[in-house]
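Subject: Structure handover, aromatic contacts

Hello,

Here is the structure I promised to pass on. Please open it and keep it beside this note.

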Amino acid sequence: MAPYSVSHLLMAFFSAILACSVCLVAGSPNTKEIAPGVFMPFVNLGGVESRPSNYTLWLGEGGRGLDTALTYGAKVQQEVGKAMDQAMDWHGGMPRSEIFLTTKIPCCPAGAGIPGCEGHNSSVVQDIQADFDQLGQPYVDLMLLHWPCEKLEDTVAAYKALESLVSSKKARAIGVSNFNSTMIDALMQQVSVKPAVNQCGFSIGGHNTSAYGMDYETLKRCRELGITYSAYSPLGGLSHIDVLSDPDVVQIAKKHNKSPAQVALRWVVQQEVVAVTASTQMKYDDQDLDIFNFQLTEDEMILLAVK
């Protein structure tokens, strides 16, 4: 009885969101307005130090969204900034306005000893400056608080440091990452600038963990609050889920004459979720960007959602 109930709950959820999301993705440019006048690509390229991406190649193949973070290391940050500079210098120069740059700042209050904070400043302001120094860019399109602190007051203080970036035009929008629905609600009560984005791990088979916002409850709450939900690891790489070999994904891919990766990404963006993937090869870049000329059926969406 439990699988039957879950399936019907998801069917109701998808029936509500697909009516608008399919039309939005199919009938507009491949971007989503995350804040007034700020449009973010539905497909972005990220990469961490252990799994870097080819950012220059991505921009050359038509990708426009780049994702990085201070915790990914200076090498990754500098490569992202260099790729942007090269793109703006080549062939008469790509306008900076065509590139969407997302970065993230850790929440590392003094003396917290939080895993991931090693080597980072206890001052958010100092981390923000370090981020800009590594990127070598005068502004970013989106800056996220990479994770919540252990204490709400520390999280609020860190987020308020990001708020000042909007008024100073150092960031066109700000947001959070790895926040679940409870954390989002708690933060919203104490800040002035609503998060534009909440970036969490989310993929086929990887949407059942509330601890870091990797669940439908968080997606639903973000939708209710007008916060764009974004998915890192949409192909399951970082979450160690073999999405691309799933028999249903493979079968659906054959039906649509697409690759399993394209089906996995389409499943994400068809829910109005912004994807952050990774790639080092031209053929994969091209596939990742070529997901806006087909739609998954409601039955297919639900089938992949109940995994």
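A charge sits over a ring if NZ of Lys or CZ of Arg is within 6 Å of the ring centre and within 35 degrees of the ring normal. Arg 96 lies over the face of Tyr 139, 4.2 Å from the ring centre. The charged end of Arg 266 sits over the ring of Phe 294, at 6.0 Å from its centre.

Some ground rules. This is a predicted model, where local features need pLDDT of at least 70, side-chain atom pairs count only at pLDDT 80 or more, and totals for chains, interfaces and linings use all residues. Residues are numbered from 1 along each chain as its sequence is written, and side-chain values use heavy atoms, with hydrogens and water left out.

Now the rings. Rings of Phe, Tyr and Trp (its six-membered ring) pair if their centres lie within 6.5 Å; planes under 30 degrees apart are stacked, over 60 edge-to-face, the rest tilted. The structure holds four aromatic pairs. One of them joins Phe 202 and Tyr 216, edge-to-face, at 5.5 Å centre to centre and 85° between the planes. Phe 202 also pairs with Tyr 229: the centres are 5.4 Å apart and the planes at 80°, so this pair is edge-to-face. Phe 202, Tyr 216, Tyr 229 and Trp 267 form one aromatic cluster.

Buried or exposed, Phe 202 and Tyr 229? Buried means under 20% relative accessible area, exposed over 50%, partly exposed in between (1.4 Å probe, protein chains only). Phe 202 has 1% relative accessibility, so it counts as buried. Tyr 229, at 2%, is buried.

Best wishes
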